[in-house]
Amino acid sequence: MTTLLHVAVSPRDARSHSRRGAQLVLGQLAEAASGLRIIERDLAATPLPHPDAGFVEASLMPDANRTDAHRAELALSEMLIAELEAADAVLISTPVHNYTVPSVLKAWIDLVVRPGRTFRGSPQGKVGMLADRPVLVVSASGGNFDGAHAQTDFLMPYLRYVFATMGIRQVEGIRLQNMGRPDAAPHAFNRFRQELADRLLLMPLVA
């Protein structure tokens, strides 16, 4: 059985373009992968706390020195990392906020990218401790990242770097662009469907 972790980010529920795109992906996966199991982590429905002093202290403490209080501080982080470890593939559906990841997605990242747990230090830099697996990012933005007057893409390079820190390097993305224009959605979704078919991005997710 293939297990997929879906991290949904947008607060706009049924009006969300990224969530609609994710449903198209999930529909194709359900047809291609018999018995697909989906772990839903909805960051809008259940927002995560941002790291506080207690979490930072516990995360930097050597495991042998941690008290029960330290482990309680890390309990949510451990649950989120366990979801990631259980997944054969990851789907992230997110809007682009101010050129990069929304704060709720950053909170998820800060809770799963942990020293001694998902990466370790070395003389050559950080070394990921998780097994590699495919990640597909469905993003929706009011502006565009292609052609004339394109915005700078801070979202995908950042996500690729963050996941690589944990050892996950198969990170691909499909964009829904210019969604700030009322007439853009039909064209954007047609292009989205075509890109799903042409680039075969889903093949690693169901292999």
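Biologist: In what order do the five strands of the open sheet stand?

Modeller: Please note at the outset that this is a predicted model. The pairing in the sheet is parallel. S2 (37-42) and S7 stand at the edges, each with a single partner strand, so one side of each has no neighbour in the sheet. Neighbouring strands are turned by 15 degrees against each other on average, direction ignored. The order of the five strands is S2-S1-S3-S6-S7.

Biologist: How many bridges join S6 to S7?

Modeller: S6 and S7 run parallel. Within this pairing, Val135 stands opposite Val171 in S7. The number of bridges joining S6 to S7 is seven.

Biologist: Which residue of S6 is the bridge partner of Ser93?

Modeller: Ser93 belongs to S3, where Ala8 stands opposite it. Strand S1 (residues 3-8) is joined to S3 by five bridges. S3 also pairs with S6 (residues 134-140), in the parallel sense and over six bridges. In S6, the partner of Ser93 is Val138.

Biologist: How many of the residues of S3 are buried?

Modeller: In a regular strand the side chains alternate between the two faces of the sheet. In S3, Ala89, Leu91, Ser93 and Pro95 point one way, while Val90, Ile92 and Thr94 point the other way. Both sets are buried. For strand S3 (residues 89-95), the count of buried residues is therefore seven of seven.

Biologist: At about what angle does H5 run to S1?

Modeller: Two helices may be described together here. H4 lies across S1, S2 and S3, and runs at about 150 degrees to S2. H5 likewise lies across S1, S2 and S3. Its angle to S1 is about 135 degrees.

Biologist: Which residue has a side chain joined to that of Ser77 by a polar contact?

Modeller: Ser77 is found in helix H4 (residues 75-86). At 1% relative accessibility, Ser77 counts as buried, because the limit for that class is under 20%. Leaving aside neighbours within four places in sequence, Ser77 is in contact with Phe55, Leu111 and Arg114. The polar contact, of 3.0 Å, joins the side chain of Ser77 to that of Arg114.

Biologist: Is Asn98 buried or exposed?

Modeller: Most residues other than glycine have a negative phi. Phi of Asn98, however, is near 50 degrees, a positive value. Asn98 has its place in the loop between S3 and helix H5 (103-112). Its relative accessibility is 72%, so Asn98 counts as exposed.

Biologist: What is the relative accessible area of Asn178?

Modeller: Asn178 also has a positive phi, near 60 degrees. Asn178 lies in the loop between strand S7 (170-176) and helix H7 (184-199). Asn178 is partly exposed, and its relative accessible area is 23%.

Biologist: Is Ser18 buried or exposed?

Modeller: An unreviewed UniProt entry lists Ser10, Ser16, His17 and Ser18 for "binding site". Ser18 lies in helix H1. At 1% relative accessibility, Ser18 counts as buried.

Biologist: What is the relative accessible area of His17?

Modeller: His17 has its place in helix H1 (residues 17-32). Not counting residues up to four places away in sequence, His17 touches Arg12, Ala140, Leu176, Met179, Ala185 and Phe189. His17 is partly exposed, with a relative accessible area of 22%.

Key:
Residues numbered from 1 in each chain as written. Predicted model: local features only at pLDDT ≥ 70, side-chain atom pairs only at ≥ 80, totals over all residues. Heavy atoms only, no water. Buried < 20%, exposed > 50% of the residue type's maximum accessible area, 1.4 Å probe, protein only. Helix = DSSP H or I, 4+ residues; strand = E, 2+ residues; numbered from the N terminus. Pairing = 2+ DSSP bridges. Polar contact = N/O pair within 3.5 Å; in protein donor to acceptor, adjacent residues only side chain to side chain. Contact = heavy atoms within 4.5 Å. Axes fitted to C-alpha atoms, helices over the stretch in contact; angles between N-to-C directions. UniProt positions renumbered as here; feature names shortened; annotations may be inferred.
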